[in-house]
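Hello,

Here is the structure I promised to send over. Have a look at it first, and then read on for what I found in it.

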Amino acid sequence: MTADPYKVLGVSRDATDDEIKKAYRELTKKYHPDNYANSPLSEVAEEKMKEINEAYDEIQRQRSSAQSGGYGSSQSSGRTYTGEFIRIRELINEGRYSEAQIMLGSVAQSDRNAEWNFLKGCVLVQMGWYFDAQKYFETACYMDPSNAEYRAALDSIRNSSSQYGRGYRTNAGGGECSACDMCSTLICADCLCECCGGDLIRCC
Amino acid sequence: MFGYIKPRTAELKVKEHEFYKSVYCGLCKSMKKRASMLRMTLSYDFVFLALVRMAMTGDSCSFHLERCVVHPFKKRPVLDNNQSLTFCADASALLTYYNVLDKMADKGKGRLRGYLSYPLAKRIFKKISPDAELILSAEKHLGSLSEYEKQNGDSADCAAEHFGLLLSDIFSHGLDERNAAIAAEIGRHIGRWIYLIDALDDIEDDRKSGSYNPLIIGGYNFDQAVTAMNMELIGLERAIELISFSDSGIENIIKNIIYLGMPDCAERVIKKWRDQGDLK
């Protein structure tokens, strides 16, 4: 068969499996032999049906081989980019940030989803580039508001930054003694002296 | 040079404030010795560098009383010249020279001032003849920064990193391994913080004159700016805590600068900009 199977079914190459199934069902309904039983066009319809079946089988074959040759688990969309992101996560966990950066950079613009933005933010945090990291985390949260992991990453930066300088005391550090300390110490010393029969401060 | 690295003097002890001023005066005297006109570049930022260097090298601190042109009536305590002060004087000459070069390439109102200052800056630079390593570092990092600006880079972090790396080299120059690592981190965070706050401060002027400003190109909001600058200060704090201070006076002044002075400066800039409306 020389025709493009996607064209035969009237779907785009990016169509999901569900979309392809739907298109196939509609076409089979249309060109089903029962519809053309007493028609002079039954053979033509039969040929069309054959074409549609072959196209559907071809797409199934192509997609299942891509799936098994890919990085393992993939979602129903059949794409392999989720596998790439698993690899990037591994690199980040291993501390191999420059490699993670390179892999992130090679992802196509159209595939840069919430997870991509989150992983980009993680790498930037390691470099200490908090301005950009925030931007990417915020984008990830915006694209996927329900994801707790992305929200936690953004909050973690904000919480850390708001804690700055809380521990610093503007008055003197410990170990200093004020006039009050001195007086009370001397009075105590004087009392103790008097208990033992002496007198440190005559007027007290 | 920029004037953002200052203490909150109200929270300094009197003796610490006196000490701080004596370092400032000492730096002035040191600059006079190296190249008379270099005193025009005197700034508080380099006093911070001097304090950090002295804390790390354990340079001796002795004082003498002296009058000067600016304070002709009463003699004031001045820190005697030491290695740290000499180093800061040279660093000031280096950064001023490159700052002037940068201004000359600028589009804004600083351009004319740049051209006027150039002959003097060049003469001072030649007389001081800074260390080759530092010149290389300045050429490399400021060159990269200039390239990034020409390409209208939109990441303030990326631009700030170049300046941070330059200050990192300056802060750590000539120190032993352990101190150099700490000083490099301090310099990097100081450099990044200065770059970010300067970009924030100049945002309106740059918008009017069409000068490069990564915050205008990349577009950031007020919360992100505050958070990012605080994160630099946190990194700075971590580095400073690793210094083994032998002098509590220097320690207190440095901590006052990073915990009070620098956040005060940031607050002032952000307030001014917040009053004018959000960035975007």
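Helices here are DSSP runs of H or I with at least four residues, numbered from the N terminus. By that count, Asp157(B) belongs to helix α6 of chain B, which covers residues 156-172. Please keep in mind throughout that this is a predicted model.

Is Asp157(B) buried or exposed? Asp157(B) counts as buried, because its relative accessibility is 1% and the cut-off for buried is under 20%. Its side chain reaches across to chain A, where the backbone nitrogen of Asp132(A) lies at 2.6 Å. Leaving aside residues up to four places away in sequence, Asp157(B) touches Trp129(A), Tyr130(A), Phe131(A) and Asp132(A), along with Arg192(B) from its own chain.

**The interface between the chains**

Stepping back to the whole interface, 19 residues of chain A meet 32 residues of chain B. The two chains bury about 2200 Å² between them, with carbon and sulfur atoms giving 61% of that area. On the chain A side, Phe131(A), Tyr164(A) and Tyr168(A) supply 40% of the area buried against chain B, more than any other three residues. Phe131(A) is also one of the residues touched by Asp157(B).

How many salt bridges are there between chain A and chain B? The count is 0. Polar contacts are another matter: 10 residue pairs are found in polar contact across the interface, both residues of each pair being at pLDDT 80 or more.

As for which elements of chain A take part, α7 (130-143) and α8 (148-162) each supply at least two residues of the side that touches chain B. The largest share comes from α7(A), with 6 residues. By type, that side of chain A divides into 8 nonpolar, 6 polar and 5 charged residues.

**Chain A on its own**

Chain A has 9 helices and 0 strands. It has 204 residues, of which 28% count as buried. Taking contacts in chain A between residues at least 6 apart in sequence, 41% join residues at least 24 apart.

**A bent helix in chain B**

Do look at helix α4 of chain B, residues 110-128. This helix bends by about 45° at Ser117(B), and Pro119(B) follows within four residues. The buried residues of α4(B) are Gly110(B), Gly114(B), Ala121(B), Ile124(B), Phe125(B) and Ile128(B). An α-helix has 3.6 residues a turn, so residues three or four places apart point the same way. The cover over the buried residues of α4(B) includes α1 (14-34), α3 (83-104) and α5 (132-150) of chain B.

Just after α4(B) comes Ser129(B), with a positive phi of about 50°. Ser129(B) sits in the loop between α4 and α5 of chain B, and Ser129(B) counts as exposed because its relative accessibility is 53%. Asn152(B) also has a positive phi, about 55°, although it is not a glycine. Where is Asn152(B)? Asn152(B) is in the loop between α5 and α6 of chain B. At 48% relative accessibility, Asn152(B) counts as partly exposed. For context, most residues other than glycine have a negative phi.

Ile186(B) is part of helix α7 of chain B, residues 177-201, and Ile186(B) is buried, with a relative accessible area of 0%. Which residues does Ile186(B) touch, not counting those up to four places away in sequence? They are Phe48(B), Val52(B), Phe171(B), Leu236(B), Ala239(B), Ile240(B) and Ile243(B).

Lys272(B) lies in helix α11 of chain B, residues 248-275. Lys272(B) is partly exposed, with a relative accessible area of 40%. The side chain of Lys272(B) makes a polar contact of 2.5 Å with the side chain of Asp201(B). Lys272(B) and Leu200(B) are 72 residues apart along the chain, yet their C-alpha atoms are separated by 9.9 Å.

Happy to go through any of this with you.

Best wishes

How values were computed. Residues numbered from 1 in each chain as written. Chains lettered and ligands numbered in written order. Predicted model: local features only at pLDDT ≥ 70, side-chain atom pairs only at ≥ 80, totals over all residues. Heavy atoms only, no water. Buried < 20%, exposed > 50% of the residue type's maximum accessible area, 1.4 Å probe, protein only. Polar contact = N/O pair within 3.5 Å; in protein donor to acceptor, adjacent residues only side chain to side chain. Contact = heavy atoms within 4.5 Å. Buried area = accessible area lost by both parts, 1.4 Å probe. Salt bridge = Lys/Arg side-chain N within 4 Å of Asp/Glu carboxyl O. Nonpolar A, V, L, I, M, F, W, Y, C, P; charged D, E, K, R; others polar. Bend = angle between axes of the 7 residues up to and from the residue.
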